[in-house]
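The sequence and structure are shown first.

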Amino acid sequence: MDADQFREFGRAAVDYIADYYETIRDRPVLPSVQPGYLDDLLPKDPPQSGESWRDVLQDVDRIIMPGITHWQSPNFHAYYPTAQSFPSVVAELMSAGFGVVGLSWIASPAMTELEVVMMNWLGRMLELPEQFLNCSEGPGGGVIQGSASEATYVGLLAAKEKKVKDLITENPQLSEAEIKGKLIAYSSDQSNSSVEKAGLLGSMKMRLLPTNGQGQLTADTLQEAINKDKEAGLIPCYFVANLGTTPTCAFDNLEELGPICNREEVWLHVDAAYAGTAFICPEYRHLMKGVEMADSFNFNPHKWMLVNFDCSAMWIRDAKYLVEAFNVERIYLKDQHKGLAPEYRHWQISLGRRFRALKIWFVLRIYGVEGIKKHVRNQVGLAKYFSALVEKDSRFELCSCSMGLASFRLKGDNALTEKLLQKISDKKNQFLIAGHLNHRYVIRYAICSRLTEQRDVDYSWREILEAADELVPRANK
Ligand code: PLP
């Protein structure tokens, strides 16, 4: 394919995406295909000679589109948002067009340098303490990871490195293997599955501690667990606090948990994957009070900040521990500019890195900080609007409402709410998922798409009521 054909193909693809967005509201959110559907539609072997891009684009429409779940539909309310915006899509296109891999400064200076500046911009937007920023005097800094899962895992490995080093310095007779076998990590039973997975990948037992009725881990619970483990000869090493849990967007109290971690020399990692974006708005910053006690902090611009997947912003108070954990040198990686800019390959798992900073830059320049604030406030307002609708109907119970996420259930047995969700899902017009809160089955309603408006929430509620009417008669009927 030459440059002229690329122009044609690219323009047609952009048109296709623009048309898709203009019709997305009218499409059922959930596809109707069955597992294995694609295998029947594709040839068993790849083509021997190249085909026309027009045929490929046609097949996207014919074969791929029917199997797409429309995450960006205004009727998508499952999980948490996965951000999409046109500036970000264009940045992704340009990044792919440049085709660079930033494994060192010289491998593409603009990549490392834009990342440093973007991480400082984001840090200042959230009003993170200076110590986390690349521009501070200290050893802190920010890096773009692919996902919150990676950030939690990378934090765990840095915590392990630090703990082993500290203990061996204090007690040189201890062996690394002896220490590693006793390390223990903590988080709450409301934490994301990726937190437990970080423990599995990092070979560190992860205790998921019980939360209070609001989905928060209390200081007493953490302290008791640490005391018990120390008595049993284990070594507390890593704690993941949640600012915005996946089930209900609950916030742990860092002001209470932070001092325990600092006193016990337990690495405090803050997972604010979804809700972190809200800290751009001053009215939500009280929810991250105590963040100065954290060793690492992470949020996903790819969730709520209009930056396409993947883009996860992570700051570390002392990047030395990461660099020491991941520093593997080879002659082919040597760069004469060593020490003048972060060598981000030492801050992450893989060697190669994508030009992710470009999409943050495009989004911030085209929306502006005010545009992002407006987006967050609008989505929080829509979740509140939905919650008010739930509260007006006496058959329902509103179980939580925090940021852009509400959860609700039908009063009575869990089975009733399960049936309700099944009925809603069967229609495929909206996508909602279940959760558990205080051992009860709830339905989560998240405002995900940047296209969702009040009329879409009204539509959701009408669909939910229609399904509920088949299960529980309306009181005023
Ligand atoms: N942490 C929380 C609180 C989440 O809600 C999620 C995903 O929804 C994650 C972590 C995992 O995010 P990622 O897909 O970026 O690994």
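Q: Between which domains does the second largest pocket lie?
A: A pocket here is an open set of points on a 1 Å grid over the protein atoms alone, where a 1.4 Å probe fits, with protein on both sides within 12 Å along at least five of seven lines; lining residues have an atom within 4 Å of a point. Residues of two domains, whose bounds come from an automatic or database domain assignment, contribute to this lining, and the pocket therefore lies between domain 2 (100–354) and domain 3 (376–469).

Q: On what kind of model do these values rest, and which pLDDT applies to side-chain atom pairs?
A: Residues are numbered from 1 along each chain as its sequence is written, and side-chain values use heavy atoms, with hydrogens and water left out. This is a predicted model, in which totals for chains, interfaces and linings use all residues, local features need pLDDT of at least 70, and side-chain atom pairs count only at pLDDT 80 or more.

Q: How many charged residues line the second largest pocket?
A: This pocket holds about 510 Å³ of space, a volume being the space filled by probe spheres set on grid points joined across faces, edges and corners. Of its 28 lining residues, Y79, Y80, N192, T246 and K303 are the closest to its centre. Ala, Val, Leu, Ile, Met, Phe, Trp, Tyr, Cys and Pro count as nonpolar, Asp, Glu, Lys and Arg as charged, and the others, Gly among them, as polar. By these classes the lining of the second largest pocket has 10 nonpolar, 14 polar and 4 charged residues.

Q: Which element gives the largest share of the lining of the largest pocket?
A: The largest pocket holds about 730 Å³ and has 29 lining residues, with I17, Y20, Y21, Q84 and V89 nearest its centre. The largest share, 10 residues, comes from α1.

Q: How far apart in sequence are the parts tied together by D310 and R354?
A: These residues form a salt bridge (a side-chain nitrogen of Lys or Arg within 4 Å of a carboxyl oxygen of Asp or Glu), with the closest N and O atoms 3.0 Å apart. D310 lies in the loop between α11 and β7 (312–316) and R354 in the loop between α12 (320–326) and α13 (357–392), so the parts they tie together are separated by 44 residues.

Q: Why do W71 and F76 count as a stacked pair?
A: Rings of Phe, Tyr and Trp (its six-membered ring) pair if their centres lie within 6.5 Å; planes under 30 degrees apart count as stacked, over 60 as edge-to-face and the rest as tilted. The ring centres of W71 and F76 are 4.6 Å apart and their planes meet at 25°, so the pair is stacked.

Technical notes. Helix = DSSP H or I, 4+ residues; strand = E, 2+ residues; numbered from the N terminus.
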